[in-house]
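Please look over the sequence and the coordinates of the complex shown here. The paragraphs below go through the two chains and then their contact.

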Amino acid sequence: MKGLAATLAVPLFAGLALAPVGVQAADQEIPLTLEKNRFDPAEIKVKAGAPFVLVITNKDKSAEEFESKDLKIEKVIAGGKTVKVKVPALKAGTYKFVGEYHEATAQGRIIAE
Amino acid sequence: MGGTFLITLREAFEAALLLGVVYTYLDKIGARRHFGWVTLGGALGLAASIVMGVAVAYFSGPLVDLGPDVIAAAVIFLAVILLTWHAWWMQRHARGIRGEVERRIDQARSTQRLWMVGLIAFTGVFREGAETVIFLWGLMAEATSAAGWGSVAAGVAGVASAGLLGWIIFCGGRRLSLGRFFTVTTVLLIFLAAGLFSTGIGRLQSLGVLPMMTPLWDTSWLLSDSSVVGSFLAGLLGYRERPSPLEAAAHVAYLLVVGFVILGGAWRRPHSASAVRAGVSR
């Protein structure tokens with residue numbers, strides 16, 4: 001029983017000790033532009049296991065909703081605005097996203113590796 | 001243009017559904033004069049949506065980056081609590097309704113805090129309201145041509161159609177007997193709240209409060225959340241095309257626990273009702 005508690009406690013405390021460091025280190029900012037209802041770049045590569053910030057600029061006049069069912073993110077960006085979206089650490093894999101208001105053209109994906 | 005119509009219809013559907021249900025509820029318990037609570041709640045929800053929409057459209061910075069997400073998550077959980085409470089309350093009062101309707105209703109009115117239905121209307125409208133405001137606003141900013149104004153008209157028509165659906169629910173609901181209306185609505189609200197609860201859990205995952213996970217399944221090829229049928233099923237039953245294991249677990253757990261607590265009593269009801277009629281108890 002004691003052994004089990006110790007095994008559980010070690011990663012827990014290690015995690016607590018590491019947490020402030022993770023907060024202090026500024027997350028990488030990745031620019032993403034929306035123009036003429038298309039994302040640029042349409043494919044973003046990130047490091048798996050590291051949180052990052054998407055800096056999404058909507059150059060169109062119309063609003064767009066950045067939506068990713070894979071990331072559970074829905075974020076409205078008014079026309080001509082820039083919004084920062086925090087993305088938690090991802091496991092390796094591909095995560096699709098779309099502009100919900102122009103789904104036919106506004107598509108992209110994040111590849112975590 | 002058709003896309004614009006569907007987007008606003010989809011965004012406003014849930015609000016229309018909730019407004020339809022709470023108006024019918026008040027009508028059913030003979031509390032029409034309290035319609036003002038629902039109208040006030042809906043109007044405040046609309047006002048809050050416009051304030052938030054303007055804030056997001058005009059300001060930027062960390063507060064606008066994160067604020068709306070945190071507020072959205074809070075509103076979702078508030079709505080879950082309110083709907084659960086309301087469903088539980090209705091089911092409790094649905095029990096003895098047959099036979100002594102009037103007395104029961106008087107009792108209902110005095111024990112149910114009616115401002116609560118106003119709060120339900122508020123959360124219903126505010127939840128997707130800000131998005132709809134920004135979307136329509138963007139369309140208007142873009143509307144320099146006839147086609148542009150056509151899009152605006154389609155967007156407004158989408159909201160109006162959602163309102164019409166709410167009205168149909170209101171008219172249909174009034175035809176049901178009181179007992180049946182309470183039962184149908186209770187089940188509907190439980191499913192609605194279960195879907196919202198799992199959405200809220202998903203939001204917490206994206207905010208980094210809960211861990212991110214790979215989706216449990218992907219049925220986007222079969223039925224997309226963004227299709228008309230898919231979005232209605234998403235609103236009504238909580239259908240998700242790519243749920244995380246946590247979202248799915250939250251949905252099932254909510255249905256099981258709340259469904260059992262609220263409806264568990266209903267299954268036993270026929271026995272106790274016949275017992276009362278036979279004069280065995282009391």
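This is a predicted model: local features need pLDDT of at least 70, side-chain atom pairs count only at pLDDT 80 or more; totals for chains, interfaces and linings use all residues.

Chain B has nine helices and zero strands. Read from the N terminus on, its elements therefore give the pattern α-α-α-α-α-α-α-α-α, with helices and strands taken as DSSP runs. Of the 282 residues of chain B, 39% count as buried. Sequence separation gives another view of the fold: among contacts in chain B between residues at least 6 apart in sequence, 80% join residues at least 24 apart.

Two helix pairs in chain B can be described in detail. The crossing of H2(B) and H5(B) is right-handed. As for composition, the residues of the contact of H2(B) with H5(B) comprise 22 nonpolar, eight polar and no charged.

The second pair is made up of helix H7 of chain B, residues 178-206, and helix H8 of chain B, residues 228-237. Here the axes come within 6 Å and cross at roughly 105°, which means that H7(B) is roughly perpendicular to H8(B). The label covers angles of 65 to 115 degrees. On the H7(B) side the residues are B:Phe191, B:Leu192 and B:Gly195, and they meet B:Ala234, B:Leu236 and B:Leu237 in H8(B). By class, the residues of the contact of H7(B) with H8(B) are five nonpolar, one polar and no charged.

Chain A contains an open sheet of five strands, in the order E3-E9-E8-E5-E6, with mixed pairing. At the edges are strand E3 (43-46) and strand E6 (73-77) of chain A, each of which pairs on one side only. From one strand to the next, the twist averages 20°.

Strand E5 of chain A, residues 64-68, pairs with E6(A) in the antiparallel sense over five bridges. One bridge can be located by residue: A:Ser68 has A:Ile73 in E6(A) as its partner. E5(A) is also joined by two bridges to strand E8 of chain A, residues 93-99, and these strands run antiparallel. In this pairing, A:Glu67 stands opposite A:Val98 in E8(A). E8(A) in turn pairs with strand E9 of chain A, residues 107-112, in the antiparallel sense, over six bridges. There A:Tyr95 stands opposite A:Ile110 in E9(A).

It remains to bring the chains together. How many residues does each chain give to the contact? Chain B supplies 25 residues and chain A supplies 25 residues. On the side of chain B that touches chain A, the elements that give two or more residues are H2, H5 and H7 of chain B. H5(B) provides the largest share of that side, eight residues. By class, the side of chain B that touches chain A has ten nonpolar, eight polar and seven charged residues.

Methods
Residues are numbered from 1 along each chain as its sequence is written. Chains are lettered from A and ligands numbered from 1 in the order in which they are written. A crossing is left-handed if the near helix is turned anticlockwise from the far one by less than a right angle, and right-handed if clockwise. Helices (H or I, at least four residues) and strands (E, at least two) are DSSP runs, numbered from the N terminus. Ala, Val, Leu, Ile, Met, Phe, Trp, Tyr, Cys and Pro count as nonpolar, Asp, Glu, Lys and Arg as charged, and the others, Gly among them, as polar. Axes are lines fitted to C-alpha atoms, for helices over the stretch in contact, and angles run from 0 to 180 degrees between N-to-C directions. Angles under 35 degrees count as roughly parallel, over 145 as roughly antiparallel, 65 to 115 as roughly perpendicular and the rest as oblique. Two residues are in contact if their C-beta atoms, placed from the backbone, lie within 7 Å. Two strands pair if DSSP finds at least two bridges between them. A residue is buried if 20 or more other C-beta atoms lie within 10 Å of its own, exposed if 12 or fewer, and partly exposed in between; C-beta atoms are placed from the backbone.
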